[in-house]
Amino acid sequence: MELDMKAAMRLLQFTDSTFPVGTFSFSNGLETAQFERIVNDAESLRAFTKSQAVQAAFSDGVAALISHRAFLEGDYDKVLEADAMLMRFKMNDEARLMLSRMGKKLAELAVKLFPSDEIVKHWLQDIRDGSAHGSYPVSQGIAFAAAGIDARALFASSQYGVINMVLSAALRCVKVSHYDTQEILFDLSEDVEKLYHRAALMNIDDMRAFFPQLDIIASLHEKGNMRMFMN
């Protein structure tokens, strides 16, 4: 993966934890997993995070890659198709809320950054009038393509975001240290290349996200008493 310096800077900007799309507001079900003692140490956190990353690779990651490709080809209908299919995969309200809220924020930012791009403007308008769900991975695909960031970097950023969301939440609700979370992040990066090669060959009908345990945890969080993270 080779990036020019401008694209590398934009990749760092879009992937940074301070990028204002609201990732810090969600735990991807970790809060309930900790409360139910499913995740209680570094070893169980590693397994939980890896499951989240694999689930995202073949659903969120595929949608991001498809929308990135569609942007470059000028195929806006494919963007909407990827957005609609991805939201069908989300079996709980919390996941749909997370993706749509973060996706809208990124779309709003993209219009500020790329004010003359017609697809970027069309995407935000469709979110605002309800013609699109506005899922975050699709917003990522559009924004990264507009910024000149290639598909491999997009996928790496998508995986980093999912993993880092869980690990950042873990520092607030699981008995682990910064050393533990950084080691997990470092180790899980070994899987990204392999996941990318599989996801890049998938089309919309190939998308899958069958991790029922994660959906059950998320459904419990929707009705739970934990309020550190959004539900």
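Visitor: Which residues does Ser-67 touch, not counting residues up to four places away in sequence?

Guide: A contact here means heavy atoms within 4.5 Å. By that rule, Ser-67 touches Val-79, Pro-137, Val-138, Gly-141 and Ile-142. A word on the model: it is predicted, with local features needing pLDDT of at least 70 and side-chain atom pairs counting only at pLDDT 80 or more, while totals for chains, interfaces and linings use all residues. Residues are numbered from 1 along each chain as its sequence is written, and side-chain values use heavy atoms, with hydrogens and water left out.

Visitor: Is Ser-67 buried or exposed?

Guide: Buried means under 20% relative accessible area, exposed over 50%, and partly exposed in between, with a 1.4 Å probe and protein chains only. Ser-67 counts as buried because its relative accessibility is 0%. You will find Ser-67 in helix α4, residues 60-73; helices are DSSP runs (H or I, at least four residues), numbered from the N terminus.

Visitor: At what angle do α4 and α5 pack?

Guide: Axes are lines fitted to C-alpha atoms, for helices over the stretch in contact, and angles run from 0 to 180 degrees between N-to-C directions. Helix α5 covers residues 76-89, and α4 packs with α5 at about 170°, their axes 8 Å apart. The two are therefore roughly antiparallel to each other, a label for angles over 145 degrees.

Visitor: Which residues of α4 and α5 meet?

Guide: From α4 come Asp-60, Ala-63, Ile-66, Ser-67 and Ala-70, and from α5 Lys-78, Val-79, Ala-82 and Leu-86. These contact residues divide into six nonpolar, one polar and two charged. In this scheme Ala, Val, Leu, Ile, Met, Phe, Trp, Tyr, Cys and Pro count as nonpolar, Asp, Glu, Lys and Arg as charged, and the others, Gly among them, as polar.

Visitor: What volume does the largest pocket have, and which residues are closest to its centre?

Guide: Rolling a probe the size of a water molecule over the atoms shows where empty space is left. On a 1 Å grid over the protein atoms alone, a cavity is a set of points where a 1.4 Å probe fits but cannot get out; a pocket is an open set with protein on both sides within 12 Å along at least five of seven lines, and lining residues have an atom within 4 Å of a point. Points are joined across faces, edges and corners, and a volume is the space filled by probe spheres set on them. The largest pocket has a volume of about 610 Å³. Of its 41 lining residues, Asn-28, Met-98, Gly-161, Val-162 and Met-165 are the closest to its centre. Helix α9 (151-173) is among the contributors to this lining, and gives the most, ten residues. The lining divides into 21 nonpolar, 14 polar and six charged residues.

Visitor: How many cavities of 30 Å³ or more does a search of the whole structure find?

Guide: The search finds one. The largest cavity holds about 30 Å³ of space, and its lining includes Leu-106, Trp-123 and Ile-142.

Visitor: Where does Arg-37 lie, and what is its phi?

Guide: Most residues other than glycine have a negative phi. Phi of Arg-37 is near 65°, a positive value. Arg-37 lies in the loop between α2 (30-35) and α3, and is exposed, with a relative accessible area of 55%.

Key:
Angles under 35 degrees count as roughly parallel, over 145 as roughly antiparallel, 65 to 115 as roughly perpendicular and the rest as oblique.
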